[in-house]
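Student: I am new to this one. Please show it to me, and then we can go through it by question and answer.

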Amino acid sequence: MSIQESIRIVPQGDVAVVEFDLVGEKVNKFSTPVMTRLKEVLEELKKSSYKAVIFKSNKPKIFIAGADIEEIKSMTTKEQFEAAVKGGQDILNMVEDLPIPTIAAVNGACMGGGCEFILACDYRIASEDSSTKIGLPEIQLGILPGFGGTQRMPRAIGLQAALDIILAGKSVNAKKALKMGLVDKMVHPNLLEEQAMKWAKEIIASGAKKRRKKFQPQGAVNKFLESALGRGIVFKKAREGVLKATKGHYPAPLKALDVIQQTYGMSDREAGMRIEREGFCVLGVTDISKSLIHVFYLTEMVKKQNGVPGVDVKPRDVKGLGILGAGTMGGGIAYVAADKGVQVRMKDLSTDALGKGLKHASDLWMKLLKRKSIDKYQFQQKMDLISVTTDYSGFKNLDVVVEAIVEDMGIKQKVIGECAGFMRPDAIIATNTSSLSVTEMAKGHPRPEYFAGMHFFNPVNKMPLVEVIRGEKTSDETIATIYELSKKMGKMPVVVKDGPGFLVNRLLLPYMGEAAFLMQEGMNIETVDKAYVKEFGMPMGPFELMDEVGLDVCIKVLKIFKKAFGERIEIASCMDALEKSGRLGRKNGKGFYHYSEDGKRGDVDQSIYAALGLGQPTNPYDSKECIERGVFAMVNECSLALVEDRIVETPHEVDLAMIMGTGFPPFRGGLLKYADSIGSQYIADQLATYASSRKAARLKPATPLTNMAKGNSKFYK
């Protein structure tokens, strides 16, 4: 079958139905061959006697997913981007300029170039199916909409709504798209084609008029803000919002804002497109865009994998999930599972505990209800998927149980063995432990092949990562099932080998431990945290992170590390004083920072220095040293975890885990992509310098990193 079959015209009397169905692909996307074929179809339509056109997709739950990212990734020069973007703009201008009215009938994902395509059509109708998402996510790839999106979207839905979508790389469902005027009609998916055809005939009957939709603001305030006088306020507020959200590390939203500010209200289409094109080309060649595309591929990689490389193993379909422990973690896990339609059975020792677990889930859905992301019926539907019990009734019917009880090996082993006795022999139990050995814990299970780790990160509803931990006897089927279940729950799973701290905590501990040494050596807490956030791009600094995790938990895990790895793990002496201080961080309102009664972080608690037996900070080091000591300590530990211990198989998994589990700056591509960008030799040399000058043996470059430095080799081969 040829590319001709990917876009074809199906005559329906006076109406031409153009079907998108990219041959050999699961999704429709705009690649160079597809755009060439689309141009041919448009030329044919232009010369035809049809009186209206309907564009539709034959892919289930996909309209057009956007441009071919592989092509964007392969381009390296402004000239390449200029040619590709101008070609796309010209073809979508042809859609807009067709002499007959055009209707886009949207079912499923309509993103990026797909959204820009429907904006070039005269009329838009969408199905109310949950898969229908319309948006412009280009900012998330470090670029901006380049096929006319910055020009047509503000014109169609107004400046404020367009900036909300474009600057954040958002998508909206059909209901929201209808409300903001991004689509004109919304129908049941089974009626989409029928209603689109009916509408086409009505348009023909009324004179087959073209339309260039122009937004009409409602209300005095909106009319003012959309006016030439008021839009300056909108742009000013948008710029402030972008800088607050990105700390200036991401150029794409600022460039998109500049493009829209220069072109909004411009009547010269070609001039507007040229400014958009220039903005795209400037961004396309940046390292930041390449890093963000790398991150996109990391997430796409998960969709195609089963967690067991090279093994064709079928995961089980999990319809019923049990949860042991209804605390914050248990309630959070219940929420993310039920939110995706999984039946949940939550067990705890008391009805009070179960009530708290249910309330935690209910509160999260209530926020969605208040934002009108779900309605009352959907809220109740989701709550009804969670049932509770103080015994093991109903566990015989469950496919998987996640244990989320107290972090005590003896108690966990006992409860796991007890639970297994009430389940089917082939049912799977997974532990949510963050620090205990999965292999050791499996000794409590009568059939350890059906036991694994499933480590969620807190807060469960926000943190995308799940570490799927393979114990010594865990079967491939068990890993594949937990991996697939994680994806079903909307998470990003990474399979890791059992070992102290698994992957993320193993790499984070040297980072947080080094912060304690910096403080002990005279650095101000706020100075260190600000360096990591404002200069390096972390979502929070190491001290704020320790407060979030819980200072007692950090100290406990540091001791586990010390026991596991011996002399190479140093713990700052001030941590002993911290352990005795009663400070737990956010959870008891006392940590490195002050916290209000409702848990909001305030300023640094200046009394902490004296409480830990330290003098007032003198800030002896610059921010470069503070950042390098923490980040390079993670790279150093990772060389051991990846190269020697094979905790994970590839650097891709390290980067995905660090971005999804710690918020490591995506614009840097991940820990190891960043390490490769500055070079193993530089990192090893700096670590050796710090180890010597600060009398810090812990910072001495590990053997795998030293070997890499000798050949100046990279983690990504």
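Tutor: One definition comes up again and again: buried means under 20% relative accessible area, exposed means over 50%, and partly exposed lies in between (1.4 Å probe, protein chains only). The model is predicted: local features need pLDDT of at least 70, side-chain atom pairs count only at pLDDT 80 or more, and totals for chains, interfaces and linings use all residues. Residues are numbered from 1 along each chain as its sequence is written, and side-chain values use heavy atoms, without hydrogens and water.

Student: What is the relative accessible area of Glu477?

Tutor: Glu477 meets Arg316 in a salt bridge, 3.3 Å from N to O (a side-chain nitrogen of Lys or Arg within 4 Å of a carboxyl oxygen of Asp or Glu). Arg316 counts as buried at 18% relative accessibility. Glu477 is partly exposed, and its value is 28%.

Student: How many residues apart in sequence are Arg316 and Glu477?

Tutor: Helices (H or I, at least four residues) and strands (E, at least two) are DSSP runs, numbered from the N terminus. Arg316 lies in the loop between helix H13 (287–304) and strand S11 (320–324), and Glu477 in helix H19 (residues 476–488). So the pair ties together parts whose separation in residues is 161.

Student: Which residue forms a salt bridge with Glu544?

Tutor: Glu544 is buried, with a relative accessible area of 13%. Glu544 lies in helix H22 (residues 542–549), and the partner in strand S20 (residues 601–604). The closest N and O atoms are 3.1 Å apart, and the partner is Arg601.

Student: How many disulfides are there?

Tutor: A disulfide is a pair of cysteine sulfur atoms within 2.5 Å. The sulfur of Cys554 is 12 Å from the closest cysteine sulfur, in Cys574, so that pair is too far for a bond. By this rule the count is zero.
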